[in-house]
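Welcome! Take a moment to look over the sequence and the model before reading on.

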Amino acid sequence: MNTEKNIKTLIIKKPLKLDCGKTINNFPIAFETYGSLNENKDNAILVFHALTGDQFVTGLNPVTKKDGWWSFAVGPDKAIDTNKYFVICSNVIGGCMGSYGPSHKDPETQKTFGTDFPVITINDMVNAQYNLLEQFGINKLFAITGGSMGGMQVLQFITNFPDKAKTVIPIATTSSHSAQNIAFNELGRQAITADSNWKDGNYEVNKTNPGKGLAVARMAAHITYLSKKGLQEKFGRKLQEREDLKFGFDADFQIESYLRYQGSVFVDRFDANSYLYITRAMDYFDLVKQFYGNLSDAFKNTKAKFFVISFTSDWLYPTQENKDIVIALNSIGADVGFVEIVSDKGHDSFLLDVPDFLNALKNFLDKSYTELKNEK
Amino acid sequence: MKNEFKVISDLIEDNKKVLDVGCADGTLMQFLKENKNINVRGLEISKEKVQECIAKGLTVIEGNAEKDLKQFPDKSFDYVVLSQTLQAFLSPELVLDELLRVGKKAIVTIPNFGNWKVRLHLLFKGTMPITKSLPEQWHSTPNLHMCTIKDFVDFIKSKEIKMIKTLVLNNNNVSNITNNNLGTKNLFADLGIFLIEK
C-alpha cells in the first residue's frame, strides 16, 4: 500500500497478547516525531490519530504529499507548539501506513494477511504504542491527546498506564461506541465487502482493488463528519458546472461531486482491509463495560489532569457522550475541565481551523506546562 | 478584586478544596489558588468565561449549576461558593440543597433587595429598582427570585441550615449580622454573605 521510504518503524520484539487471544511479536510500529525532546524528557506529547489518520500529524505527509491531518493544531507556535513540545504519533496497528496490519505478510505463511490478520482493539493499539515511551526513554508524558478514535485511545491509554501522563485531553470522543456509530461503521464495511473486487480480503493476491466499495464507505462516513448546517451553507443545492439539471445520474449537485472526489482520493491512500479492522476496533470500544458499568473505575488510579473538549454541531460524538466522561471523572474528584466549542463544522471541527478550540487547547497545554515547571 | 471576594477568601482556610459555582472569569479562583494554595474548580455556564478561565490555567467545567452539580459526590469539597447568582436560578431552593450536599460548607452571597435605595426607588418612582448591583431592567434581568437579607435569613432558618457566619457589605465595610441588628442591616447593606452548613 505504501512506500517504505520516509516511514520510520520500530520493531516490537516483546510479545503482545491481543484481546482476541492471539499473541503477536516482532511487529513493526510506524511513527513520526516533531520538535525535540528536552533534557528532562518532560515535554513529550503522544498524539493518537483517528480512523483514517496516520503518524504524519503535521507538515507535508511524505506518502500522500498532502498536509498532515492535524496541521492546524500541531506545529511551530501552533496550539501544540513543536518549538516547545516533542510530539510523537504512531500509526495504529491494523493501519496501513507502516504499522503491523492486514496488508503485511503473515510470517508463518509468507502470504499477505488480509482478513487472517487478528482482530485488534483500541486496547491492543495503545498497548502496542506504549513501547514508544521506552524507545525514547520517557518516564512520563507531558500530555496525551487525540480526537474521535484518537480520543478513545487517550482514554484507554490513561486507564492502562495511569501514571504515564501528566495531562489528558480527549477530544470529540466517547467512552463507549454508540449503536448509531456501529451502524455507520457497518455500512462502510458492507460497502467494502460487497465490492466484487474485495475477494474475501485477498485482493492483493488477486491483483484487484475494492476501490469502489472503499470509496462508498468513505463517502458515507464523510457525511457523518459534517453538520447539516455546514453542508447546507457550503453546498446548498448548487449545481456542478452546469446550468440546469441533466435528468440523469451524473453528479448534478456540487455535494455529489464533492463526495465522489472525497471517495476517490481516499482510495489512493487507504487500505480497504485496514478500514474493516480499524472500524471494528472502534465498535468494540466500550470502556464502561471494561469496568463493569462504572466508568469512574477506569480513572481511579490516575492523578492526571483532564481536559475534555466537544463541539456543538458534532452529532457523531455529541457533547453528552463527552460529558459522560467528565461526569465519571468528577464523581471520583479527578481534576477535570470541560468546554463545548461552538462550531458548525460537525465532528471534523477538531481537525479544522476553529480558533476557539485551538486557543483552548493551546492555553490549557501552555498553562499546564508552566505549572509543571514551577512544581520542580 | 472586588471586596466581596476578599471577604469570601477570608472565610476559607488555606489548602482547602473549593468549588466556585458560576466562577465567571475566574478572578476569585485565581486569587484562592495563588494566595491560599487552594485546590479550586469552577463551574461556569458562559463559554466566553470558560475560555477566560482556561487562559488563566484554571480548572473549569462548562455547565449549568441547576443540572450539573449532581455529578459531584456528597461532601466532595470543603467549600462551595456561589456569588450573587442564587436569585437567578429557576429553583434557588434546589440549588441551595445541592450546594450543601456537595460542599461540607457553602458560602452564598446575595444582592440585598431590602436596601433603602431599592425601597425608595420603588416607593417614589414606582418602577422596578435599578441600582449598581441590580443594573438590568425588569424584562432583561437574569434575576428571577430577588430577596432581601431578611428573607434569606428566614429561609435558612426554616430549612434548618446552620448559619456559621453572616456578614454584610455596605459601601465596602464589612460587619456581622446579629439577631438585634438584622432590621438595620437589611436596610443599609448592599450584599449579604453567608457561611452555612447542613
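This is a predicted model: local features need pLDDT of at least 70, side-chain atom pairs count only at pLDDT 80 or more; totals for chains, interfaces and linings use all residues.

Residues are numbered from 1 along each chain as its sequence is written, and chains are lettered from A and ligands numbered from 1 in the order in which they are written.

Let us start with the domains of chain A, whose bounds come from an automatic or database domain assignment: domain 1 covers 8-176 + 288-375 and domain 2 covers 182-279. Their C-alpha centres lie 26 Å apart. Residues are in contact if their C-beta atoms, placed from the backbone, lie within 7 Å; by that rule, 24 residues of domain 1 of chain A meet 19 residues of domain 2 of chain A.

Of its 14 residues, 10 are buried, so helix 5 of chain A is largely enclosed by the rest of the structure. Buried means that 20 or more other C-beta atoms lie within 10 Å of a residue's own, with C-beta atoms placed from the backbone. The buried residues of helix 5 of chain A pack against these helices of chain A:

| Helix of chain A | Residues |
|---|---|
| Helix 4 | 179-193 |
| Helix 7 | 254-269 |
| Helix 8 | 272-284 |

Finally, the contact between the chains takes 19 residues from chain A and 14 from chain B. Helix 3 of chain B gives the most to the chain B side, with five residues.

Technical notes. A residue is buried if 20 or more other C-beta atoms lie within 10 Å of its own, exposed if 12 or fewer, and partly exposed in between; C-beta atoms are placed from the backbone. Helices (H or I, at least four residues) and strands (E, at least two) are DSSP runs, numbered from the N terminus. Two residues are in contact if their C-beta atoms, placed from the backbone, lie within 7 Å.
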